Amino acid sequence: MDYKRVTADIAILNIEDIAQRLAELASSHRVGLLVDETTMELCYPLIANEEADLLVVPEGEEGKSLEVVQYLWQSLLELGYTRQDYLVTLGGGAISDLGGFVASTYMRGVHLVHIPTTLLGMIDASVGGKTAINFGGAKNMVGTFYEAERVWVSLTFLETLPDKEIHSGMGELLKYGLLIDSDCLEEILGLEKLSPQLMGRVMQFKLDVVHEDLFDVGNRAQLNLGHTFAHAIEALALSREHAISHGTAVAAGIVVALYISYKWFGLDEKLLTTVSRAVKGQFPKFFFDCDDYEALWELALKDKKRVEDGILSMVLLRDVGRPFVEKIGREQWEEALDFYRDFIG
């Protein structure tokens with residue numbers, strides 16, 4: 001099945017078709033294939049192509065640094081890449097973020113193709129054109145909008161993932177269930193096996209949102225549900241050299257956002273309880289205490305969602321499929337953190 005929106009051509013394929021498409025591309029263009037150590041070992045053999053130039057970077061958030069970007073710029077320059085050539089990413093969300101940023105900035109833009117290998121990459125990072133690297137101790141602080149021309153998805157890649165990577169994608173999947181409708185949320189909460197149909201529905205939803213607001217100045221903000229707190233705890237964990245998966249962070253952030261939605265904006269308590277129980281049962285807990293509240297608040301204020309001094313802009317819910325953006329103060333934020341610690345245990 002194919003989906004076309006904005007400038008991207010997105011297809012859910014079998015692994016053989018992806019290998020064939022990569023071979024055809026490499027036979028007519030110069031192709032740099034961006035991988036990390038894990039995808040080099042587990043995923044590259046499934047689509048191996050000797051004509052592509054392999055570019056290997058550190059795994060995860062460690063790779064999303066200015067030093068790695070400079071290494072990739074230098075590598076493309078030394079290999080003689082021009083604006084007519086391709087950068088193809090093979091990996092999860094971090095590789096998509098990094099590769100998109102490099103593709104958008106090298107010679108003001110080379111062709112970009114994503115081959116996401118994680119659930120998070122498939123449903124989120126590879127779709128929508130956001131690119132980013134970490135800078136100044138803050139996650140995704142420097143980036144661009146640069147849509148991939150093509151995104152090739154195969155569920156076969158998910159078979160290479162450890163449980164923690166599945167959890168990482170499930171946090172984003174839960175977010176989409178809350179944004180789409182009750183039927184989708186119910187399917188995700190009771191999910192036993194991912195289907196191409198569910199993947200297609202989630203990807204189509206994001207494509208439709210992005211089609212209306214590519215540059216994130218309006219309705220696209222709803223896709224940040226759960227991310228205000230998520231980015232804060234990711235940054236805190238990174239500063240302590242104890243990384244947390246993005247999906248686990250988003251799941252925690254969803255609980256925080258839903259509590260604020262319930263306490264001050266009329267969300268049904270039953271939905272808060274149902275989702276909080278699902279997060280407690282399916283995701284690792286991020287441990288923090290009251291002594292961390294100051295650091296978490298300051299990290300949240302450094303994020304792109306701050307609207308003025310001492311005030312955050314957060315995506316909240318009135319009901320499933322009814323997101324809205326509201327200004328939140330520190331007292332509301334800390335009460336929601338109390339709820340997360342007490343409920344999740």
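Visitor: Is Cys 43 buried or exposed?

Guide: In this predicted model, Cys 43 is buried, since its relative accessible area is 3% and the cut-off for buried is under 20%.

Visitor: How many disulfides does the structure hold?

Guide: The structure holds zero disulfides.

Visitor: Changing topic, how much space lies in the second largest pocket?

Guide: The second largest pocket holds about 150 Å³ of space, and its lining includes Leu 158, Ile 166, Met 170, Ile 188 and Leu 189, along with Glu 192, Lys 193 and Gln 282.

Visitor: What classes of residue make up that lining?

Guide: The lining of the second largest pocket has seven nonpolar residues, together with one polar and two charged ones.

Visitor: Which helices supply at least two residues each?

Guide: Those are helix H7, residues 163-180, and helix H8, residues 182-189, each of which supplies at least two residues of the lining.

Visitor: On to H11: what span should it have?

Guide: Helix H11 covers residues 246-265, and at 1.5 Å a residue its 20 residues should span 28 Å, which agrees with the 27 Å between its end C-alpha atoms.

Visitor: Is H11 mostly covered or mostly exposed?

Guide: Helix H11 is mostly covered, with 16 of its 20 residues buried.

Visitor: What comes just after H11?

Guide: Just after H11 comes Gly 266, which takes a positive phi of about 85°.

Methods: Residues numbered from 1 in each chain as written. Predicted model: local features only at pLDDT ≥ 70, side-chain atom pairs only at ≥ 80, totals over all residues. Heavy atoms only, no water. 1 Å grid on protein atoms, 1.4 Å probe; cavity = no way out; pocket = protein on both sides within 12 Å on 5 of 7 lines; lining within 4 Å. Points joined across faces, edges and corners; volume = space filled by probe spheres on them. Helix = DSSP H or I, 4+ residues; strand = E, 2+ residues; numbered from the N terminus. Nonpolar A, V, L, I, M, F, W, Y, C, P; charged D, E, K, R; others polar. Disulfide = S-S within 2.5 Å. Buried < 20%, exposed > 50% of the residue type's maximum accessible area, 1.4 Å probe, protein only. Expected span 1.5 Å × (residues − 1).
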